[in-house]
Amino acid sequence: MNPWNNASLYGRVNDTPLFLKDGKGNEFAARMPLAVKRNFRNESGEYMEDIITVKYLFDEGRSGFAHSIEPGDILQLSGTIRTESYKGKQSLIILTDSISFDEMTRRRKYSKKEGSQKVSAEFELDLPLPF
């Protein structure tokens, strides 16, 4: 990865991911809008959000994780900034293969209710290490 073209984002999935397929019909990526909060307030005292398109590349082993992403989930990701043509328009995207749920989203998704006690399920994501 180019050390001068890095982007790290923390944001909320704003819509249902669109899954992309290759010529053989195999899914290889998910495109989704990510709402990323700005670090300052506007005149009304509210934080504005930027909607940034994220393209998550995955293999067969990560397909289940990709399909578990839904609107409202909070994601942490890193990737590179790219421009690409999509539906006849040039757009700026973040291309990533390093992505995970934030702690609150992970707990909500991977826990189950047993009576009044919430029990967390252990899981591992096969993500690339940052070193």
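This is a predicted model: local features need pLDDT of at least 70, side-chain atom pairs count only at pLDDT 80 or more; totals for chains, interfaces and linings use all residues.
**Close-up views of an aromatic cluster and a nonpolar core**

View 1. F19 lies in strand β2, which spans residues 18–21. Residues up to four places away in sequence aside, its contacts are E27, A29, A30, F58, A66 and H67. One of these, A29, is 10 residues from F19 in sequence, with a C-alpha to C-alpha distance of 5.8 Å.

**View 2. The largest nonpolar core.** This core has 18 residues, of which M32, L34, Y56, I69, L75, L77 and I99 touch the most other members. Two or more residues each come from β1 (7–13), β3 (27–41), β4 (47–57), α1 (63–68), β5 (74–86) and β6 (89–101). Strand β3 gives the largest share, four residues.

View 3. Beyond four places in sequence, Y56 contacts F28, A29, A30, M32, R62, F65, A66, T96, D97 and I99. The structure has four aromatic pairs. In the pair of Y56 and F58, the ring centres are 5.7 Å apart and the planes are at 40°, so this pair is tilted.

**View 4. The F65 and F101 pair.** The rings of F65 and F101 form a tilted aromatic pair, with 4.8 Å between centres and 55° between planes. This pair links distant parts of the chain, since F65 is in helix α1 and F101 in strand β6, 36 residues apart. F65 is buried at a relative accessible area of 9%, and F101 is buried at 6%.

**View 5. The ring cluster.** F19, Y56, F58, F65 and F101 are linked into a cluster by ring pairs.

Definitions and conventions. Residues are numbered from 1 along each chain as its sequence is written. Side-chain values use heavy atoms; hydrogens and water are left out. Contact means heavy atoms within 4.5 Å. A nonpolar core is a set of buried Ala, Val, Leu, Ile, Met, Phe, Trp, Tyr and Cys residues joined through side-chain atoms within 4.5 Å. Buried means under 20% relative accessible area, exposed over 50%, partly exposed in between (1.4 Å probe, protein chains only). Rings of Phe, Tyr and Trp (its six-membered ring) pair if their centres lie within 6.5 Å; planes under 30 degrees apart count as stacked, over 60 as edge-to-face and the rest as tilted.
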